Amino acid sequence: MAVIEKNNFIEKKWLVYRESWFQLIRPLTFTGTLSPAIAGAALAKTFSPFRYDLFLAVLIVGLFVQSAVNMLNDYYDYQKGQDQEKWVVSEKISYMSNPPYHSVPLVAFTLFILAIIISIWVSIESHVAWILAIGGLGILSGYKYSAGKYSLSSLGLAEVIAFIFLGLFPTFVGYVVQSHAIDFLITALALPYAFVIMTMLLTNNIRDIQKDENIRRTLAMRLGRNRAAHLLTIILAIAYLSVFSLIYFRIIPLTAFFTIIALPAACKLRWLLRKNATRQDEMKSMKWAAIHHWIFGMTLALSLWFFA
């Protein structure tokens, strides 16, 4: 097998992803939508009638949308000349193991359609029609994150998009389908998730500064590598301070302090992106950003679910 040239249309239909579908959807990133939605639902559960069918439907929609976005990200990155090594030419296509390049958009848009259908049902059952607009904006932003010459990521908006659509919106939706309204409590709770998801996107863009050159202008590229790493430290600190503030003002229970167990992962992440870090260390940073988000996000969500 060999890496195919991206402009060779005849061979492109035989292009397959080097890994499996499971790797293509990047399950380590799923906490970006799961943990804020769980946290929002947990807060609503403390004072509203709770429907588990709506709760599970929201989680499924989040997983479908994020899986589709992750697939399209690799698909369009290849078109732009990035991550060529992830795709290889195969003598035969195995739809069940190595994802064929030409089938990725079909699968991704199928997931989008399923997410829309489930969202319509959730909207009807919860009597909150405007969550369809949130879902539509989420899907559109996910698609435009990678697609097109002027994709959102190429304009340096990755962190802003993550703050809104992977931080605020999932938390709001998990809450609103149960409580039917957005209020100060859920807005305050959404902020730690919005900040911590920003660290994942910023980490990715710091790691890929050299790779992204001539393709996109990310925030990390605009700031420069060292200043972007300093910004990462600030955002990590704000994420923890926001949790401690919510505890202090008794918006969330004292058990949320257990998010502190994610701090070693945050320190490890920041160390991997230290000044004069080796390229090998930088390549490990995204894994640790995801691990940190998993621990931070799920610890906060579960502290609410079981103790709020």
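1. A charge is taken to sit over a ring if NZ of Lys or CZ of Arg is within 6 Å of the ring centre and within 35 degrees of the ring normal. In this predicted model, the charged end of arginine 274 sits over the ring of tryptophan 271, at 4.0 Å from the ring's centre, and the charged end of lysine 45 sits over the ring of tryptophan 305, at 4.9 Å from the centre of that ring.

2. Turning to pairs of rings, the structure holds 20 aromatic pairs. One of them joins phenylalanine 163 and phenylalanine 195 in an edge-to-face arrangement, with 5.5 Å from centre to centre and 70° between the planes. Because phenylalanine 163 lies in helix H7 (residues 158-179) and phenylalanine 195 in helix H8 (residues 184-207), this pair ties together parts that are 32 residues apart in sequence. Phenylalanine 195 has a relative accessibility of 19% and therefore counts as buried, the cut-off being under 20%.

3. Tyrosine 248 and phenylalanine 249 also form an edge-to-face aromatic pair, with 5.1 Å between centres and 85° between the planes, and both tyrosine 248 and phenylalanine 249 are exposed.

4. Ring pairs also build a cluster, which links Tyr17, Tyr75, Tyr76, Tyr78, Trp87, Tyr101, Phe109, Phe112 and Tyr143.

5. The largest nonpolar core comprises 97 residues, of which Met71, Leu189, Ile252, Phe296 and Leu300 touch the most other members. For leucine 189, once its neighbours within four places in sequence are left aside, the residues in contact are Ala39, Gly40, Leu43, Thr171, Leu246, Ile252, Leu300 and Leu304.

Note on methods: Residues are numbered from 1 along each chain as its sequence is written. This is a predicted model: local features need pLDDT of at least 70, side-chain atom pairs count only at pLDDT 80 or more; totals for chains, interfaces and linings use all residues. Side-chain values use heavy atoms; hydrogens and water are left out. Rings of Phe, Tyr and Trp (its six-membered ring) pair if their centres lie within 6.5 Å; planes under 30 degrees apart count as stacked, over 60 as edge-to-face and the rest as tilted. Helices (H or I, at least four residues) and strands (E, at least two) are DSSP runs, numbered from the N terminus. Buried means under 20% relative accessible area, exposed over 50%, partly exposed in between (1.4 Å probe, protein chains only). A nonpolar core is a set of buried Ala, Val, Leu, Ile, Met, Phe, Trp, Tyr and Cys residues joined through side-chain atoms within 4.5 Å. Contact means heavy atoms within 4.5 Å.
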